[in-house]
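Trainee: Please show me the structure, and then we can go through it together.

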Amino acid sequence: MKHLLKSFICFLLALGCIVSVNIWGDPANLMQNEAFYDRMIGVMMQGYNIEHVADFRDRMFQQRAARLIEKPDTIIFGSSRIQQIDSDICGDRIWNAGVSGATTEDVCGLYKVYRDNGKIADRVIIGIDLWTLDGTHYDARSSLYLSKPLASFMTEIAGLPAAKSTGNGMRWADINELTSLSYFQSSVSYLINYSGQERMRDLVTSTEPTSYFGMLKSDSSYVYPNSYIYVNQNVVEERVGAATSTVVDPIVSWQGVDPTLQQMFESMCTDIVSNGSDLVILISPIHPIAYYEIQKGGGEHVLQEFEAYYHAFAESIGATVLGSFDPWANYCDYSDFMDALHITPMTTERLWKDALSS
Amino acid sequence: MELGSLQFDIFICFALFLYWAKAQQKWRRSVLMAADFCFLYLCGLPTLVWCLFFILLGYLSSLLIERSEDRRKTGILCGSFMLALFFIAGYLLPHYFSTKLLSAIGMSYYALSFTGYLFDQSKDKVPVASFLDFFLFGGNFATILSGPVQSSDYLLQYKELPDFDENSFHEGVLYILWGFFQKTTVANGLGLSVDHHFTNYTVSSPARLLLASVFYSFQLYCDFAGYSYIAIGMGKLFGISVPANFERPYLATNIQDFWRRWHIGLSRWFREHVYFPLGGSRKGIYRTAVNTIIVFLVSGLWHGFGLNFIAWGLMHGLALALFGLMRPMLNKYGLLEKAEKNPILKWIARILNFAFVNLAWIVFRSGSLSVSLQYIKMLRGPYEFPSYLLTTMNLPEKKIISVFACLLLVFIVDLLSEHDRSPKKVILASPLLRNITFIILIALIAFFGNFELSGFLYYNF
């Protein structure tokens, strides 16, 4: 037993070293609390962009923002596919409440948060994704960070039973991350490569329109790092290939629209319109290779049925639909994309500026 | 629950403390059973239910065999029924269902260990076991994830669990660290390149494809051997013996030698339960050759229903059969003996053997036979080896050197062990050297491990 205790202490020491380095480096800002996000929003309210945006808890950030920002003219909900839309494109004062990998639960949960805080603008833009009505698509972040507002959305707006709340805050996955060796490597690399001045939590501000490391603009729209945007086509095609299982496969083996998600989506849209806001449903295109793979797998009709549904539903409530999943319908070719799902900043401007600023 | 995760670490620590807290056999067996139970539950309720169902089924089959008049026949029937059930669950049920049930466990190890026991029991090789022994044998968390396939005599150890042995404990830690080292630094490091090239083989050059195929051979070895070492090490922490599964297979000088060293548990299972019942080598050299081919065809099919797996099995079966037929002639001229004694000839034999095994792995790894044929067709050349070749192999950025340095370390350790100079003995003999080795291995894993790829390659089979 004595020997076992000795081994256990050695194990704890090794684990302690790893956790210490992870807390010290913390490249994904796991240790940051609400006060940090409040400070971040405060800086953005003064018109500054935040440089060196690494992985951070964007759902928590948006919940804090809903309390602190002024009511914008346009508010945008959706995933990273619409996060590049900024005030210049819209032509008015916007707030981009998009979050990475947003599911319908995320969009509805965040809508409820902004609605409760009286920040729903006169114009609301909702970005549509391939997985918007896919019941098999799951992202743990929505249930972890948005379970409470989502529960209230379900009962008060959608008229559906609320899912069991799992609460917000530090979660098991974060604790696991702080003890993981992959996070340890990122922390070491972070500590070696960057001086303290350049970390995101030091809130490096910028007024430049482009970024080397990824930037959150003062309107909360996202600027991709130059290294992600300006790459040759082979790299983009590799990225498309790597995303096949998440982009193409679910459509090719489509199981049908999830009725709960559909009701959530429709309730939210109806609520927006009935409260007097203009609603724009925005469908950003996907990469031609991904679209072709979907066509080849016999899934094109699924996308066409989606779009027909969005158009019909929008017409029924007096909303507008812009764009299409089909890249050719948007006059896009290979050079317009950074990966399977994201168009370049130049294409974002070309596609949406005229339509949204008018 | 993934090996090496925080959840797993906590689980192991608790289980170890409880297990060694009391010396009574009853206590240890109960703790081990509870640990297995908890582990299966943490893998998911469907996995627990599925495993319990099979353990119960195996135990009832064992009782049925014991009471049967024609034990052999009943044994074959029960064993075949269990194998068929595993096949149905693994391959014929809807994908979602089988994934839910079996994703957490290494299906084949579990199935083969059980059926092997039933076959052996019907031949009176092992006595009938109690339900607890059967549960500890079948549900052992050390082996349920990644094997190796255990022969029935390993069940007997659960009847009398050994006392705490400091050396065995240290050996266990060393095995675990060495397994993680192989898995994370080499197998995962090479995996990114392998996946990339086997997916995009049509747009790659012959030199890159050749390298990728060699990478796959080492990836598969380090991944599977790594997991086997972890299982052996985990067993040792609890004083339980887990059979060795690999004996430096790429240092084999011929194909027969290779199969004595690769996936030993599975090879032994096929030898005892397929090859011997077919007549083995007792019915003349031609019948032996046919039996060998049949065994490898079955082995290929066991790995998957694709034509590529059948082709892979056939390649190895034919090579072994041919070797068996040529062996008398090779012995007559003393070629095998010369190859063993002359270092240059030995290395030539090793390289030739590796080249064949590597070729067969291409067929194994490709998604289909047509893909593997196209891949092999592209290997015809022309070859260009530019100086920047390695840097464009899609290996983990900033870790290219470390991947190869770690592979070299694995190779050196294998080579030393092959010549009876196993570093393990030296390391474990000195407490200082042992602790330094532990620290170095932990540091190597922490700094040079690749954690983007996780999961065990052989889960699929």
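**Cysteines and the chain contact**

Mentor: The sulfur of Cys222(B) lies 9.7 Å from the closest cysteine sulfur, that of Cys406(B), which is too far for a bond. This is a predicted model, where local features need pLDDT of at least 70, side-chain atom pairs count only at pLDDT 80 or more, and totals for chains, interfaces and linings use all residues. Residues are numbered from 1 along each chain as its sequence is written, chains are lettered from A and ligands numbered from 1 in the order in which they are written, and side-chain values use heavy atoms, with hydrogens and water left out.

Trainee: How many disulfides are there over all chains?

Mentor: A disulfide is a pair of cysteine sulfur atoms within 2.5 Å. Cys108(A) is in none, as the nearest cysteine sulfur, in Cys269(A), is 8.2 Å away. Over all chains the count is 0.

Trainee: Is Cys222(B) buried or exposed?

Mentor: Buried means under 20% relative accessible area, exposed over 50%, and partly exposed in between (1.4 Å probe, protein chains only). Cys222(B) has 0% relative accessibility, so Cys222(B) counts as buried.

Trainee: How many residues does chain B bring to the contact with chain A?

Mentor: Contact means heavy atoms within 4.5 Å. Chain A gives 19 residues, and chain B gives 22.

Trainee: How many salt bridges does the rule find across the interface of chain B and chain A?

Mentor: A salt bridge needs a side-chain nitrogen of Lys or Arg within 4 Å of a carboxyl oxygen of Asp or Glu. Across this interface the number found is 0.
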